[in-house]
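Please look at the structure on the screen as I take you through some of its features.

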Amino acid sequence: MLKSRLFAAGVAVLMAAGAARAQAPEQANVRFSLDWAFQGPQAVFTHAAEKGFFRQAGLNVTMDRGVGSGDTVIRVASGAYDIGFGDINPMIKFNAENPGKELMAVYVVYEQAALAVMTLRRTGITNLKQLEGRKLGAPTVDAGRQMFPALVKANNLDTRRIEWVTMNAPLREPMLFRGEVDAITGFITSGIFSLRGLGAKDEDIVTFRYREHGVDVYSSAIYVTQDFMARNPRTVSAMVAAINRGIKDAIVNPREAVASLRSRDQLVDLNLEYERMMLSMRELVLTPHVLQNGISAVRADKLQNNIRIVNEAYEIQNSRLTPDKVFTDRFLPPQAERMLPQLGS
């Protein structure tokens, strides 16, 4: 009898081990590109890494900073990185222009757009029309610059009267602060706080959010190539689940999450990055729709309109891009796991 019980127990252990192997990610080593520097909004990812959420999901994640969402699209499409995080709109543009090679968003983090034009009060710019005749600065891969044509179309701006100045990403806010350009494009989470860090006062920073000026689109998402998705479905699911855990835990413990940035940059200003992350949470993540339906509860009508805005902004002719070529929910955790907690302090 004892031998029978031991045999049965051994079989159970072997079966459990086999089941665990069957559910393990196909590819444990994952190259993950962020959209920008290791700042407050990116702390949800460093937090997930420091808390062991990737490791517990069977993943060994190499995480690198980005230089702009447009560049992250190229990184993932080329195969240099397996998974990317960045503004979805440059990805939509890429998909519309490259049928058959579309990237696929598998988890939308920002339900609202972070895109904005930012300037300083001393320029005298109080509305978008006053950008005409001025110098506007940003890297070419900046999502705000790449989506600027949508803002132009929605607000009837004359681009012939706007001069673009291109610079490397770290120089964008300093050039505005020094008066070398009149305005910049970018994410509110990067531009506003980088200007603060340079000494600009809140009352002197003028911000034109795209979503408040006729461009209501989704923003940053996790995306992969269709080939990677097809070959590694469990890897994608594990990555999304770990990121989902990281975001939820960061919402409850924001200061701990921000402190995880020190694993990448010992000189990071934790107070500044805390404020930066809290802004992203309040405005971009914890929206009324997400609070009611869970994170990455993508609406087909908004996504379809999002595609239309991108196509019209870039005058992409004969685009047959549809929402199912932009986003899939097949890798999402159950809705109950995507409902978000109250923001901590």
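Let me begin with a glycine: residue 79 follows helix α4 and has a positive phi, near 90°. Helices here are DSSP runs of H or I with at least four residues, strands are runs of E with at least two, and both are numbered from the N terminus.

This is a predicted model, in which local features need pLDDT of at least 70 and side-chain atom pairs count only at pLDDT 80 or more, while totals for chains, interfaces and linings use all residues. Residues are numbered from 1 along each chain as its sequence is written, and side-chain values use heavy atoms, leaving out hydrogens and water.

Helix α4 itself spans residues 69-77, and seven of its nine residues are buried. Buried means under 20% relative accessible area, exposed means over 50%, and partly exposed lies in between, with a 1.4 Å probe and protein chains only. Among the buried residues of α4 are Asp71 and Arg75.

Next, the sheet. In what order do the five strands of the open sheet lie? The order is β7-β6-β8-β5-β9, with mixed pairing. Its edge strands, β7 (163-165) and β9 (205-209), each pair on one side only. Two strands count as paired if DSSP finds at least two bridges between them. Strands β6 (residues 135-137) and β8 (residues 183-187) run parallel and are joined by two bridges. Within this pair, leucine 136 stands opposite alanine 183 in β8.

I now turn to helix packing. Helix α9 (residues 188-198) packs against helix α13 (residues 270-285) at an angle of about 150°, with the axes 10 Å apart. Axes are lines fitted to C-alpha atoms, for helices over the stretch in contact, and angles run from 0 to 180 degrees between N-to-C directions. Contact means heavy atoms within 4.5 Å. The angle makes α9 roughly antiparallel to α13, a term used for angles over 145 degrees. Phe193 of α9 and Leu279 of α13 are among the residues that make the contact.

Finally, two residues deserve attention for their backbone angles. Most residues other than glycine have a negative phi. Asparagine 156, however, has a positive phi of about 55°; this residue sits in the loop between α7 (148-155) and β7, and is exposed, with a relative accessible area of 60%. Glutamate 315 also has a positive phi, of about 50°. Glutamate 315 belongs to the loop between α15 (300-313) and α16 (335-338), and is exposed at 63% relative accessibility.

Technical notes:
Parallel < 35°, antiparallel > 145°, perpendicular 65-115°, else oblique.
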